[in-house]
Amino acid sequence: MIVPSSVIAYGPSMPLTLATHGAQHLPAALSPADLATIETALADLPPDQPGLRLASLPALDRLLGPTGAIGRHAAAQQGAASRPVRAILFDKSAATNWALGWHQDRTIAVRRRIDIAGFGPWTMKSGIQHVAPPQSLLDAMVTLRLHLDPVDADNAPLLISPGSHHHGRVAEADVAALVASCGIQPCLAARGDIWLYATPILHASDAATNPRHRRVLQLDYSADRLPDGLEWLGV
């Protein structure tokens, strides 16, 4: 099990905030119409995928932009230049009931490889070029998790370590100690909720004890331009 005794009882009386804890719960952020639009856009994608990287979601442009029902939450942190730069659909279920240890998201998705000082190493994921950028770029990014299914304590909620985003790039050897120091918060959600978090926050996930569909559309947002011809993959 990934969850130790250091789980913190955050809730209505002590809510998480993005600025302090690196995460914020946005209950009922998606309307029934928004959810229907998202599900229609994803309808032709294969189910039961541990992580399906999506290069284009034109049907969601209205929702993802800086004034849209989704994008406005990122724009509130990053300004009008905020835009979605990567999308991943997760569907944890009985068929794909995986666990993921504590880690930071350290790469970005780009259109093509251009070797630039400060960017590297390079990796290829699902046919898409990824690269580790300078930490300052990651520190300015936010990630939104759109919940298409409810997530309770036995359906493998995302686990975050509040405040760990303040520590920059965390060496592998230091991850366990930092999680022990910052504690752990399960990100429970109802259908239509959004969890907004700082992209570099330490996070993990157990396997579900009662596995069932747990569809999450995860979107990374940035307001930064990449240098010297390097381009975000975008959404």
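**A tour from helix H4 to the cores**

Select helix H4 (residues 71–78): its buried residues are Gly71, His73, Ala74, Ala75 and Gln78. Buried means under 20% relative accessible area with a 1.4 Å probe, protein chains only; helices (H or I, at least four residues) and strands (E, at least two) are DSSP runs, numbered from the N terminus.

This is a predicted model, in which local features need pLDDT of at least 70, side-chain atom pairs count only at pLDDT 80 or more, and totals for chains, interfaces and linings use all residues. Residues are numbered from 1 along each chain as its sequence is written, and side-chain values use heavy atoms, with hydrogens and water left out.

Just after H4, Gly79 has a positive phi of about 95 degrees.

Of its 26 residues, Ile38, Ile70, Leu144, Leu146 and Leu217 touch the most other members. Centre on Leu144: its contacts (heavy atoms within 4.5 Å) beyond four places in sequence include His73 and Ala74, as well as Ile194 and Leu219. A second, separate core of 14 residues includes Phe119, Leu137, Met141 and Leu226.

Move to Gln129 in strand S7 (residues 128–131). Gln129 is buried, at 19% relative accessible area, and among the residues it touches are Ile108, Arg112, Arg113 and Trp122.

Finish at residues 1–5, where pLDDT (the predictor's confidence in each residue, from 0 to 100) stays under 50. Where pLDDT is low, the predicted coordinates should not be read in detail.

Definitions and conventions:
Buried < 20%, exposed > 50% of the residue type's maximum accessible area, 1.4 Å probe, protein only. Core = buried A, V, L, I, M, F, W, Y, C linked by side-chain atoms within 4.5 Å.
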